[in-house]
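Work through the exercises below with the sequence and the model at hand. Each task is followed by a solution in steps.

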Amino acid sequence: RQHEVPVEPIVLARLHPRLVLLPDPQAAECEQYRTLRTQLFHTAERKQTQVVTITSTLAGEGKTSTVINLGLAIAQSEKRVLIIDGDLRRPNVAAYLGVKPKAGLGDALRGEANPLDSLFTLEGHEMYVLAVSRESANPTELLSSERLVEMIAELRSYFDFILIDSPPVLPFADARLLANLADAVMLVLRAGMAQYETVEKAIDAL
């Protein structure tokens with residue numbers, strides 16, 4: 001059946017300031033995300049890289065802004081891209097976009113909503129979003145469910161790329177669960193933040 005995807009308007013005043021591709025796609029820093037997009041496309045030509053989990057060692061390293069800016073860059077090149085907020089503890093994607101979703105990943109994993117009915121898209125952009133409508137009490141259980149495996153498998157047939165915004169690798173198992181579902185993992189590091197040994201620990205865990 002046909003799924004009606006609600007279109008959310010872009011309200012610049014509500015956007016997170018790091019979402020550089022929405023207010024000013026010609027800004028110099030946008031080029032970095034286009035370069036990242038090119039690298040992803042090149043990798044995808046060599047081996048299947050359709051689902052990418054994007055994580056970091058610690059919280060606050062910039063993975064959510066990387067996910068959304070990269071998603072916008074992919075959408076600009078006429079590919080269908082889906083962003084999934086995989087952080088059921090501290091979801092950020094909807095807040096960064098200034099949107100309040102009625103349903104999202106948690107509801108779909110609890111069987112309360114169809115994932116395709118829980119998507120929204122941004123006005124003027126071919127970027128789809130499966131956000132989180134509310135924090136979950138049992139995130140690790142939901143992320144290790146068979147339902148999530150089936151959901152990702154189904155969503156693969158609708159989108160060219162799926163980017164999963166994952167919680168940090170340390171201290172939860174969530175990032176490892178989401179990494180297992182993906183074809184590739186991108187680790188975002190913020191200069192001067194995580195210690196070298198901590199980053200090594202995160203890479204080992206993945």
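**Exercise 1. Classify Thr140 as buried or exposed or partly exposed, and list its contacts.**

Step 1. Thr140 has a relative accessible area of 24%. Buried means under 20%, exposed over 50% and partly exposed in between, with a 1.4 Å probe and protein chains only. Thr140 is therefore partly exposed.

Step 2. Thr140 belongs to helix α5 (residues 139–143); helices (H or I, at least four residues) and strands (E, at least two) are DSSP runs, numbered from the N terminus.

Step 3. Contact means heavy atoms within 4.5 Å. Neighbours within four places in sequence aside, Thr140 is in contact with Arg89, Ala173, Asp174 and Leu177.

Step 4. Glu123 is 17 residues from Thr140 along the chain, and the C-alpha atoms of the two are separated by 33 Å.

A note on the basis: this is a predicted model, in which local features need pLDDT of at least 70 and side-chain atom pairs count only at pLDDT 80 or more, while totals for chains, interfaces and linings use all residues. Residues are numbered from 1 along each chain as its sequence is written, and side-chain values use heavy atoms, with hydrogens and water left out.

**Exercise 2. Which residues have the most contacts inside the largest nonpolar core?**

Step 1. Apply the rule: a nonpolar core is a set of buried Ala, Val, Leu, Ile, Met, Phe, Trp, Tyr and Cys residues joined through side-chain atoms within 4.5 Å.

Step 2. The largest such core has 35 residues, and Ile54, Ile68, Ile74, Leu97, Met127 and Leu163 have the most contacts inside it. Helix α2 (residues 63–76) supplies the largest share of this core, seven residues.

Step 3. A second, separate core has 24 residues, including Val51, Leu82, Leu88 and Phe159.

Step 4. Return to Met127: among the residues it touches, leaving out those up to four places away in sequence, are Ile68, Leu72, Val81 and Phe120.

**Exercise 3. How many aromatic pairs are there?**

Step 1. Rings of Phe, Tyr and Trp (its six-membered ring) pair if their centres lie within 6.5 Å; planes under 30 degrees apart count as stacked, over 60 as edge-to-face and the rest as tilted.

Step 2. The count is two aromatic pairs. For Phe41 and Phe161 the ring centres are 5.4 Å apart and the planes at 20°, so this pair is stacked.

Step 3. Phe41 lies in helix α1 (residues 30–46) and Phe161 in strand β6 (residues 161–165), so the pair ties together parts 120 residues apart in sequence. Phe41 and Phe161 are buried.
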